[in-house]
Amino acid sequence: MRLRSTVAACAAALSVAMTGVAVLSAPGPFVGSAEAATVIRFGRIQYDSPGTDDRSNKSLNAEYVVVRNIGTTSVNLRGWTVRDAQRHVYTFGSFTLQRGSSVTLHTGRGTDTASHRYWGSRAYIWNNTGDTATLRSGSGTTQDTCRWGGGGSGATNC
């Protein structure tokens, strides 16, 4: 009888220990930081504006990067940045990217909406000969990076 209760106690302790391990190692919104659970990524980058590069606002806005939320929750992008290799930096203001949605960040000027944001630059950001786009969270953690070389179609899917 004493052996049976000792075995039962050990089994219970082992069960609790194994459950604890499973909970600690299971991915999900309660493990680690909130940023670890976010799934904000680059989509398409149009690094070479179609047509003649005449620096008009229309041409500048035809150069863009798409940021996607492929996660299951909306994410506040306040303080998140998009940058190139030459350290041109766009910082999101108060903006929430809904789950399953994307936002297009245009190089030129325009009026921000839920699906389009504007860098406000009067010069092209992305190099046609090759560049690196980096997406960082508000705390500076790199969330995604996309690189391309020259000679392509002028766009890349990251």
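**Figure 1. The open sheet of five strands, in a predicted model.** The sheet is open and has 5 strands in the order β8-β7-β2-β1-β11, with mixed pairing. β8 and β11 stand at the edges with a single partner strand each, so one side of each is left without a neighbour in the sheet. On average, neighbouring strands of this sheet are turned by 25° against each other, direction ignored. Axes here are lines fitted to C-alpha atoms (for helices over the stretch in contact), and angles run from 0 to 180 degrees between N-to-C directions. Strands are DSSP runs of E with at least two residues, helices are runs of H or I with at least four, and both are numbered from the N terminus. Two strands count as paired if DSSP finds at least two bridges between them. This is a predicted model, in which local features need pLDDT of at least 70 and side-chain atom pairs count only at pLDDT 80 or more, while totals for chains, interfaces and linings use all residues. Residues are numbered from 1 along each chain as its sequence is written, and side-chain values use heavy atoms, with hydrogens and water left out.

**Figure 2. The pairing of β1 and β2.** β1 and β2 pair in the antiparallel sense, over 5 bridges. Ile40 has Asn69 in β2 as its bridge partner. Ile40 also touches Val67, Arg68, Val75, Leu77 and Trp80, among others, not counting residues up to four places away in sequence. Further along the chain, its contacts include Leu97, Leu135, Gln143 and Asp144. Contact means heavy atoms within 4.5 Å.

**Figure 3. The largest nonpolar core.** The largest nonpolar core has 23 residues. Ile40, Phe42, Val67, Leu77, Val82, Phe92 and Trp126 touch the most other members. Two or more residues come from each of β1 (40-46), β2 (64-69), β7 (102-106), β9 (130-136) and β10. β1 gives the most to this core, with 3 residues. A nonpolar core is a set of buried Ala, Val, Leu, Ile, Met, Phe, Trp, Tyr and Cys residues joined through side-chain atoms within 4.5 Å. Buried means under 20% relative accessible area, exposed over 50%, and partly exposed in between (1.4 Å probe, protein chains only). In soluble globular proteins, nonpolar side chains tend to be buried together.

**Figure 4. Aromatic rings around Tyr90.** The structure holds 6 aromatic pairs. Tyr90 and Phe92 form an edge-to-face pair, 5.1 Å centre to centre with 85° between the planes. Tyr90 counts as buried because its relative accessible area is 8%. Phe92 is buried too, at 3% relative accessibility. Tyr90 also pairs with Trp119, and this pair is tilted: 5.8 Å centre to centre, 50° between the planes. One aromatic cluster is formed by Tyr47, Tyr90, Phe92, Phe95, Trp119, Trp126 and Trp148. Rings of Phe, Tyr and Trp (its six-membered ring) pair if their centres lie within 6.5 Å; planes under 30 degrees apart count as stacked, over 60 as edge-to-face and the rest as tilted.

**Figure 5. The disulfide of Cys146 and Cys158.** The count comes to 1 disulfide, where a disulfide is a pair of cysteine sulfur atoms within 2.5 Å. Cys146 is joined to Cys158, with S to S at 2.0 Å. The link is left-handed, with -85° about the S-S bond. Cys146 lies in strand β10 (residues 142-149) and Cys158 in the segment after β11, so the pair, 12 residues apart, links distant parts of the chain. Cys146 is buried, with a relative accessible area of 6%. Cys158 is partly exposed, at 37%.

Figure 6. Thr156 lies in strand β11 (residues 155-157). Thr156 counts as buried because its relative accessibility is 18%. Its contacts are Gly43, Arg44, Ile45, Tyr47, Cys146 and Trp148, not counting residues up to four places away in sequence. Gly152 sits in the loop between β10 and β11. At 52% relative accessibility, Gly152 counts as exposed. Gly152 and Thr129 are 23 residues apart in sequence and 8.7 Å apart in space, C-alpha to C-alpha.
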